[in-house]
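Let's take a walk through this fold, starting with its sheet and ending with a pair of helices.

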Amino acid sequence: MKRILLTGGGSTGHVAVNLALIPHLKRNNWEIHYIGSHNGIERELIKHLPDVTYYPISTGKLRRYFDINNFKDPFRVIKGIGQAYRIIRKVKPSIVFSKGGFVSVPVILASRLTKTPVISHESDMSPGLANKISMPFASKVCVTFPETLKHLPEDKGILLGSIVREELRTGLKRKGLHFCDFTESKPVILVMGGSQGAKRLNEAVRNLVPTLTEKYQIVHLCGKGKVDETINVHGYKQFEYIKDELPDILAMTDLVVTRAGSNSIYEFLDLQIPMILVPLPLSQSRGDQIQNAESFKKQGFAEVIQEEDVTDESLHQLIEKTYNEREQYKRSMQRSEQSNPLEKLYGLLEKYSKY
C-alpha cells in the first residue's frame, strides 16, 4: 500500500484541495497521513475523517509586518521541522502533498532532509510566502491560474486548474432549506467572511438584516467566535462555519457574498453561483485576493467591492444589482471551460512517488 503525507492549514483554503483529494486517494487504496497545527482549522476539518491519521506539530506564522512573535516563531518552526522529520521517518510516505500555509513549511523542509518527494499546490495568482519558501524543495508546483506560471521556474510549474470537492456537487436544496428552517418562497444569500471572519462585512450584513430579510433569506458563516447571539430573526441563520451540511447550503444558494480565496471562488464558479467578492485588503494580506477578485470580475463571474468601501448602503445596492443580473453572471460561468483536474493531480502523485 502506498502512503501519502498531506499538509496545509491556517485557513479553509489551505485544506480544501486536500479534502477533495482524500476520497480519490481512498478509492485507490492509499494510506493517508496528515500533518497540521495543534489549533488550526485544519485539525477540526480533518480529525473526524476515517482512515486519515492526523499529526499536530509546532508552527510559526509567516508575517510581513512587525510583531513580537516574529522573534519567537523561528524557534517554533525549528521545533516543527524536528517533529515533522520524526513523523516522516516513522510513516515513510511515498510522497508529500502540500497545499501551503505556514504549517507546510516545516513539513517540506523535513521532507528534503528525508529525501521524500514533494508536490505542492498554489491556488492564488501569485505564490504565497509559504510556497515561495517551499518551491525550491518541491518536485512540481501545481497552479490554478495561467498567470502564476511566470512566477515559477520553467520546469517546475504545472497548470492544473481548479480542484473542486466532489461532494459539493451532491447537495440537495430541500435539505438545506430544512436545515436552516427556510422557505422556498424567498431567494437565499450565503455570506462567508472566511474562517477568521470579516469584521466590517459581518457588521454591515447584521445591520441590514431587517431590510434584507424582507426579500431574502441569509445564511451567515461569520467565523470562529463571531456569532452574535443577540440577533434572532426568522430568515437569518448564523454559524461559525459549516462542514457536513455545506453541499446542501450551496444547493439552495442564489447569491454568495464572500472573501476571494481562490479555492472558494472556484467552487462557486463550478456550481455557477453569482458572487460578490470582498477581498482581503492589503493591510491584512499580500494582495492575492484582490488579484483573484479582479480576474473573476473581468471574466464576468462576479462583482467586487473593496473592504474599505463596504457600508450598509453600498453592500445593499450591490446585492440588489448582482441578484437582479444573476442570469448574466450564470451565462458567463457556463461559457467558462473549467474542468476537474483531480486525475491530473493524482497522476503526478503516482509519477513522483518514491515507492
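Which residue in β3 is the bridge partner of Gly 36? The bridge partner is Pro 56. This is a predicted model, where local features need pLDDT of at least 70, side-chain atom pairs count only at pLDDT 80 or more, and totals for chains, interfaces and linings use all residues. Residues are numbered from 1 along each chain as its sequence is written, and side-chain values use heavy atoms, with hydrogens and water left out.

That bridge belongs to the parallel pairing of β2 (residues 31-37) with β3, which runs over six bridges. Strands (DSSP E runs of at least two residues) and helices (H or I runs of at least four) are numbered from the N terminus, and two strands pair if DSSP finds at least two bridges between them.

Zooming out, seven strands make an open sheet with parallel pairing, in the order β3-β2-β1-β4-β5-β6-β7. At the edges sit β3 (52-57) and β7 (157-159), each pairing on one side only.

Now for the helices. Angles run from 0 to 180 degrees between N-to-C directions, and axes are lines fitted to C-alpha atoms, for helices over the stretch in contact. Contact means heavy atoms within 4.5 Å.

Helix α1 and helix α13 have axes that come within 11 Å and cross at roughly 75°. So α1 is roughly perpendicular to α13 (the range for that is 65 to 115 degrees). Here is who meets whom:

| Helix | Range | Contact residues |
|---|---|---|
| α1 | residues 13-27 | Val 17, Ala 20, Leu 21, His 24, Leu 25 |
| α13 | residues 342-352 | Leu 342, Glu 343, Leu 345, Tyr 346, Leu 349 |

Definitions and conventions:
Angles under 35 degrees count as roughly parallel, over 145 as roughly antiparallel, 65 to 115 as roughly perpendicular and the rest as oblique.
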